[in-house]
There are 2 protein chains.
Amino acid sequence: MATSQPKKRGSYHHGNLRDALIDTAFAMIEEDGVEALTIRRIAERVGVTHAAPAHHFADKNELMLALATEGFNRFSAALASVMHIADPLARLSEMGRAYVRFALDHPGAYRLIMGPALSRIQMPVQQPTGVGVSEDRGQAASEGTREMLETTVAEAMAGRRALGGASVSGVAFLAWSAMHGAAMLSLDGMMDCEPSGDPAEEFQQKLEEVISFIEAGIALSASEVPPPST
Amino acid sequence: MATSQPKKRGSYHHGNLRDALIDTAFAMIEEDGVEALTIRRIAERVGVTHAAPAHHFADKNELMLALATEGFNRFSAALASVMHIADPLARLSEMGRAYVRFALDHPGAYRLIMGPALSRIQMPVQQPTGVGVSEDRGQAASEGTREMLETTVAEAMAGRRALGGASVSGVAFLAWSAMHGAAMLSLDGMMDCEPSGDPAEEFQQKLEEVISFIEAGIALSASEVPPPST
DNA sequence: CAGGAAATCTTACCAGCGTCAAGATTATAT
DNA sequence: ATATAATCTTGACGCTGGTAAGATTTCCTG
């Protein structure tokens with residue numbers, strides 16, 4: 001969680017600058033988005049001069065990388081909170097809802113972990129915190145979420161092929177793409193068009209249709225596309 | 001197309017700066033991405049000082065808006081090039097392929113028109129070029145693509161409901177989300193993981209599975225999710 | 001065809017950004 | 001206790017987008 005408890009403010013040395021920077025930056029991302037994030041602003045808010053962060057992060061990119069790691073952990077936790085569901089199909093649907101909910105509730109964090117804006121080299125673990133727990137952050141979380149998805153899809157398909165002859169990896173890709181696309185389109189305001197009622201409500205309804213479409217396609221055994229009925 | 005033919009370089013007045021800026025900026029986007037775009041660099045490349053663009057675009061955002069309009073036109077054209085296909089289901093599939101192909105071939109342009117980075121106010125038309133042709137750029141192109149999609153889906157569904165009871169707007173949303181998500185995930189390098197062979201080839205294969213899944217789900221009439229077969 | 005107004009471009013400056021170098025201050029280890 | 005390392009500050013650099021004032025050209029009006 002990168003908690004920055006012992007702030008020890010007022011003294012020359014901060015005591016726990018690195019974590020404080022990450023925590024503050026994360027809060028700022030949630031408030032004003034990734035674009036508004038600035039080393040100088042983070043430093044100011046933490047109560048330190050603009051050059052201090054350079055001693056903990058060689059680069060702005062390295063800071064962003066650490067932030068993304070933190071964000072991925074939270075995201076992974078949000079998805080994992082649904083893994084207890086027994087029925088794989090229901091679990092998959094719930095994963096989809098949790099996925100989009102996280103993206104919509106934490107737009108900054110989601111954009112950070114999914115978007116570009118950082119050269120995608122996950123850093124090697126730096127702080128082996130404490131007792132034997134190898135905190136394999138970030139990279140592991142990324143792999144973990146992917147695995148959660150793939151195994152759930154595999155369970156749901158139970159050896160059979162899905163609609164259209166789709167394989168496990170194909171269906172997993174579809175589910176991920178659809179959720180990611182839906183979340184991004186909503187975040188980027190591409191859905192704001194001829195909305196008769198509440199746009200958020202309309203979005204939720206369409207999302208449910210998407211989920212049930214995919215659900216049904218998985219539940220069905222493989223079947224070829226029937227010739228168009230004309 | 002915003003062609004900047006009469007460059008008239010060397011003289012004090014450029015002659016056609018606005019279009020030249022747009023064209024050059026578009027080329028730079030294709031080369032180095034949206035992030036690397038800078039007013040000063042565009043100006044330098046056009047052969048003009050850094051403050052000159054301010055007389056044609058109040059803001060960098062306004063420049064980006066004009067660029068996005070241009071990009072949307074090209075994108076819309078790429079999709080329209082497939083609208084001649086008679087069978088709506090085949091047309092929809094081909095639209096999906098054209099969609100992703102455009103995104104992968106023009107990452108900068110696609111990111112520009114889909115992403116944030118611009119306050120989404122489409123500008124009012126400014127230059128009523130020539131003879132009676134109301135060039136209703138940008139906004140119209142955006143609406144146009146959406147309409148292309150919705151009508152194609154509607155034709156393909158032919159009044160019936162799709163798999164899982166999905167409506168026309170629901171299926172259109174799914175198709176759009178899936179293609180957008182797939183394109184974005186690929187562009188942002190989220191697919192680079194345990195690829196046994198060529199990653200681009202793997203991506204194409206999965207994309208085909210996604211398309212055939214959706215195709216099949218549309219071709220099928222509405223059917224409820226059967227209870228999990230355990 | 002003049003001559004003033006408007007458009008266009010240049011020059012010069014501003015604050016903010018990320019980054020680096022050098023010095024001040026504190027912690028740690030020998 | 002003293003040297004070494006870690007940490008933070010100060011000050012500077014070049015880059016960015018934006019603005020103001022002046023130079024140059026075009027255009028429109030009388």
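This is a predicted model: local features need pLDDT of at least 70, side-chain atom pairs count only at pLDDT 80 or more; totals for chains, interfaces and linings use all residues.
**Ground rules.** Local features here need pLDDT of at least 70 and side-chain atom pairs count only at pLDDT 80 or more, while totals for chains, interfaces and linings use all residues. Residues are numbered from 1 along each chain as its sequence is written, chains are lettered from A in the order in which they are written, and side-chain values use heavy atoms, leaving out hydrogens and water.

**Entry 1: where they meet.** How many residues of chain B are in contact with chain A? I found 52 residues of chain B in contact with 52 residues of chain A (contact means heavy atoms within 4.5 Å). The copies meet through the same surface, because 98% of the interface residues of chain B are also interface residues in chain A.

**Entry 2: buried area.** About 4400 Å² is buried between chain B and chain A, and carbon and sulfur atoms give 74% of that (buried area is the accessible area, with a 1.4 Å probe, that two parts lose on being put together, summed over both). In chain B, B:F173, B:M190 and B:F213 lose the most area to chain A, together 17% of what that side buries.

**Entry 3: salt bridges.** I looked for these across the interface of chain B and chain A, and the rule finds 0 (a side-chain nitrogen of Lys or Arg within 4 Å of a carboxyl oxygen of Asp or Glu).
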